[in-house]
Amino acid sequence: MHAVTARRLLVCAALAVGFTSLPLTAHATKKHGGPSQSATPQGEKSDHTLVSRITFRGQTGGGGGEGNGSMQPVGNWTPPACWYEPYSADEFAKDTERGFHMVADDPRQPNYAKRSVGEFRDIYKDGKYKNYNKGKGDEGSWWVAKRDPDRWLEDAAQKCDRQPFWVENGDPVNDPHAVSPEVLAQLAYNKIKLPDTKVTLAPAGASKVNLPAWAWLDKAKFKKVSVSAALNAQGVNIQATTTARPVALKLEPGTGEARTFPGSGICRIKGDGSIGEPYAKGKAEQDPPCGVAYLRKGSYDLRATVTWEVSWQGTGEPGPNKLPDGSFGNEQQVVVEEVQSVNR
């Protein structure tokens, strides 16, 4: 786990500030001056902290982890774990005061925790800023760090460690983590829900030693999927849509004593969108365009993984703009029998 200081943890927990390192720049637009988008999110607020205003629509799923249909990036890239969003002076003041009293008025809290939240509050109430800049609330916004709630202890989430900062309307938000159409697209990447990658094998029933099993995917299920992310707050009205298209199926037999078709085990998607070819009677002795033949009887875990090509477009970015490929796979048990002769 990332070694986070006690001060940072206390301030984050109490005040919901601090939430990936991306070379992007957003701009603060004048209120009511942002372009109108078809996807207009509704802001939310929990009962005790500012929450993200980013909303998602489309074929969405939970973030991260195999087994729930979430796309896994190919390579070392990961979607953002933190970013900055704009809030009004009144919102920021109310939230900071609430967080301060949650700690300062709690007799169970240690003195260093109370001191920490007190120092934070003083910066914005009576220190560098006066009364949270509420006197010029129409002139700008507070930009506050947010974290992916599923990843808040990851190293990437700790990179948004800048305290809330004020940006005048129309000025650039000079921080690489500020929300932008590309940030929204990358966050949408993490929300895409993919169909289970279970291949159909035929002939039906148990496979036979040395006889190829034909493999294919349901063409109706494996179509492009899209998720849109949008933010409409404090004059920042932006959106992005991320789309994943299946391009290949990879078969891993689960044993070295097997042959794949083709030899690479990678079955490319066809022009009509199909992957593999359904088995038809009379093809038992033919090599399938996509399939596997086991050389020894037994029970094996066949892993089928689909690679998805990912792109995005959004406000001011017509695209398509490339994002790293994604993948999602499942294992399924294959029973292989050995017989002297087979009539099919």
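The following conversation concerns a predicted model of one protein chain.

Student: Before we start, what should I know about the model and the numbering?
Tutor: This is a predicted model, in which local features need pLDDT of at least 70 and side-chain atom pairs count only at pLDDT 80 or more, while totals for chains, interfaces and linings use all residues. Residues are numbered from 1 along each chain as its sequence is written, and side-chain values use heavy atoms, with hydrogens and water left out.

Student: How many helices and strands does the protein chain have?
Tutor: The protein chain has four helices and 17 strands. Both are DSSP runs numbered from the N terminus, with helices (H or I) of at least four residues and strands (E) of at least two.

Student: What share of the residues counts as buried?
Tutor: Of the 344 residues, 49% count as buried. Buried means under 20% relative accessible area, exposed means over 50%, and partly exposed lies in between (1.4 Å probe, protein chains only).

Student: And the accessible surface of the protein chain, what does it come to?
Tutor: The accessible surface comes to about 16,700 Å², and 48% of that belongs to carbon and sulfur atoms. Such areas come from the Shrake-Rupley method with a 1.4 Å probe; for residues, only the protein chains shown count as cover.

Student: Let us turn to H2. What span does H2 reach?
Tutor: H2 has 16 residues and reaches 22 Å from its first C-alpha to its last, close to the 22 Å expected at 1.5 Å a residue. The expected span is 1.5 Å times one less than the number of residues.

Student: Which residues of H2 are buried?
Tutor: They are Ala89, Phe92, Ala93, Asp95, Thr96, Glu97, Gly99, Phe100 and Val103. Met102, also found in helix H2, is partly exposed, with a relative accessible area of 39%.

Student: Asp95 is in that list. Which side chain does Asp95 meet in a salt bridge?
Tutor: Asp95 pairs with Arg98, at 3.5 Å from N to O. A salt bridge is a side-chain nitrogen of Lys or Arg within 4 Å of a carboxyl oxygen of Asp or Glu. Both residues lie in helix H2 (residues 89-104), three residues apart, about one turn of the helix. Asp95 is buried at 2% relative accessible area, whereas Arg98 is partly exposed at 21%.

Student: What about Glu97, which residue is its salt-bridge partner?
Tutor: Glu97 forms a salt bridge with Arg121, the closest N and O atoms being 2.9 Å apart. This pair links distant parts of the chain, since Glu97 is in helix H2 and Arg121 in helix H3 (residues 111-125), 24 residues apart. Glu97 is buried, with a relative accessible area of 17%, and Arg121 counts as buried at 15%.

Student: How many salt bridges are there by this rule?
Tutor: The count comes to 12 salt bridges.

Student: Changing topic: which residues of the largest nonpolar core touch the most other members?
Tutor: Trp143, Leu249 and Leu251 do, in a core of 54 residues. Strand E16 (residues 298-314) gives the most to this core, with seven residues. A second, separate core of 12 residues includes Leu50, Phe120, Tyr124 and Tyr132. A nonpolar core is a set of buried Ala, Val, Leu, Ile, Met, Phe, Trp, Tyr and Cys residues joined through side-chain atoms within 4.5 Å.

Student: What does Leu251 touch?
Tutor: Leaving out residues up to four places away in sequence, Leu251 has contacts that include Val199, Ala215, Cys267, Cys290 and Leu302. Contact means heavy atoms within 4.5 Å.

Student: Cys267 and Cys290 are both there. What joins them?
Tutor: A disulfide joins Cys267 to Cys290, with 2.1 Å from S to S. A disulfide is a pair of cysteine sulfur atoms within 2.5 Å. With 85° about the S-S bond, this link is right-handed. Cys267 counts as buried at 3% relative accessibility, and Cys290 is buried at 1%.

Student: How many disulfides are counted, and which other cysteines are joined?
Tutor: The count comes to two disulfides, and the other joins Cys82 to Cys160 (S to S 2.1 Å). Cys82 lies in strand E4 (residues 82-87) and Cys160 in the loop between E5 and E6, so the pair ties together parts that are 78 residues apart in sequence. Cys82 counts as buried at 1% relative accessibility, and Cys160 at 0%.
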